Amino acid sequence: MRATLIYGAGDVRVEEVPDPKIQRPTDAVVRVLRSCICGSDLWPYGSRPPSEQGDRIGHEFLGVVEDIGAEVSGLRTGDLVVAPFVYADNTCDFCLEGLHTSCRHGGFWATDGVDGGQGEAVRVPHAQGTLVKLPVGEDSALLPSLLTLSDVFCTGHHCAVTAGVTPRTTVVGDGAVGLSAVLSAKRLGAERIILMGRHKVRTDLGRDFGATDIVAERGEEGVARVRELTGGDGTHTVLECVGTLPALETALGVVRAGGTISRVGAPQYDQAPLGFQVFMNNITLTGGVAPARAYIEELLPDVLEGKIEPGRVFDRTVSVDEVPDGYRAMAAREALKVLVQP
C-alpha cells in the first residue's frame, strides 16, 4: 500500500509499504477513507534532522474495518469508524478516568511498528477500545467533520473544557485548533469570544464559528488591544492553541487576575515565564494533550445533526500521492488544514 514517511525537515515522501495485517487478537485493520495533516506534524517537518530511514507519520483518520482480531467485540467488517489520535484499551484506570492519553497499554500512531494515519490502511491496536463506530455511509458529506473528532475538534473542546469557559473568553491562535476552540467555546456558552489572529480568511471563519472580536495585533500591541476591549482587566479564560513561547507570553499578558489559561498547543519550549507576577495574580495554568477518545461520544451527536460543522477547517484536499504538497502548503500558510482522501 501507499503511505507517507518523513525523512527530515521538508522531506516527506509517499512510498510503498507492507500492507497491515492482524498481529494480535485485539487488532483491527482499517482501510482509510479520510486522513489529514495536523499542525503538530509541521514541527518535525520544519526541524527534523535528515535520516536515511524514513518514519511513518500521521495520526488522524477514519475508515472502514477490513479485518478484525478474534478478541474484538462490538465491531465487524464493513463498519465505518473514527480513530482518536492515541490508541487506548479504554479499560485501564486512566482510561476510566477519561485520560486515554495516559492509557497503560496505549500508544501513538506511527511509532513502535504501528502504522501512521497518512496512508491507505492502518493496523489498529486495542481496536475495541480505540475505534468509535459512525452511523453514516462511506459517501457521507459529514466525513470531514467526523474526521475532526480524531483530534482537532476534540483538542479545541479540551481546551475550552479545561479552561472552564465563561461568557468571556480569549482564543490565542487562528490555526485549526484555535478555530476549533472558538467553535467549542461558543458551543459551551461563551457570549464574547476574542480571537487573536491576523489571517483574514481564518478569522472570517472564526467569526462564523462564534468569535465576536478579532485582534490582529501581536506581542505587546496585541495584549494592549485585548485589555482595551476588556476594560483594562483582561479575560477570565484564555485558550492558548499555538504552543510557542510568544503565544504563552501573550496568554499571560491578556489573562485577568484570578483567570485561567488552558494550553493545548504542543509546547515548543522548555521554560516558561511563570514567576512572581503570575503567582501574585492567582493565575491557573491548565490544559495539556487532549484525551480525544473521552470526548467523541459527547461531540458526535452535534456533528451528526449538523448543529456544528468543524470540518470547515479543511480548505484543501489532496490524494495520498499529493501529501508532500499538502505539507508544503500548510507550512507556507497557503492552507489552513489539509484533508487527505486516498
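This report describes the overall fold and the aromatic pairs of a predicted model.

The protein chain contains 12 helices and 18 strands. Its radius of gyration is 20 Å, which agrees with the value near 20 Å that a compact globule of 342 residues would have. Along the principal axes, the C-alpha atoms occupy a box of roughly 60 × 40 × 35 Å. Buried residues make up 54% of the 342. Of the contacts between residues at least 6 apart in sequence, 68% link residues at least 24 apart.

The accessible surface amounts to about 14600 Å², and carbon and sulfur atoms contribute 48% of this area. The chain carries 32 positive and 45 negative charges, whose mean positions lie 4 Å apart.

Four aromatic pairs are found in the whole structure. Two of them are set out below.

| Pair | Geometry | Centre to centre | Angle between planes |
|---|---|---|---|
| Phe61 and Trp109 | edge-to-face | 5.1 Å | 75° |
| Phe276 and Phe279 | tilted | 6.2 Å | 40° |

Phe61 belongs to strand S5 (residues 61-68), whereas Trp109 sits in the loop between strand S8 (107-108) and strand S9 (121-124), so their pair ties together parts that are 48 residues apart in sequence. Both Phe61 and Trp109 are buried. Together with Tyr87, Phe61 and Trp109 form one aromatic cluster.

Phe276 and Phe279 are three residues apart in helix H10 (residues 276-280), and therefore about one helical turn separates them. Phe276 is exposed, with a relative accessible area of 59%; Phe279 is likewise exposed, at 62%.

Methods. Residues are numbered from 1 along each chain as its sequence is written. This is a predicted model: local features need pLDDT of at least 70, side-chain atom pairs count only at pLDDT 80 or more; totals for chains, interfaces and linings use all residues. Side-chain values use heavy atoms; hydrogens and water are left out. Helices (H or I, at least four residues) and strands (E, at least two) are DSSP runs, numbered from the N terminus. The radius of gyration is taken over C-alpha atoms; the globule rule is 2.2 Å times the number of residues to the power 0.38. Buried means under 20% relative accessible area, exposed over 50%, partly exposed in between (1.4 Å probe, protein chains only). Contact means heavy atoms within 4.5 Å. Accessible areas come from the Shrake-Rupley method with a 1.4 Å probe; for residues, only the protein chains shown count as cover. Lys and Arg count as positive and Asp and Glu as negative; His and the chain ends are not counted. The place of a charge is taken as NZ of Lys, CZ of Arg, CG of Asp or CD of Glu. Rings of Phe, Tyr and Trp (its six-membered ring) pair if their centres lie within 6.5 Å; planes under 30 degrees apart count as stacked, over 60 as edge-to-face and the rest as tilted.
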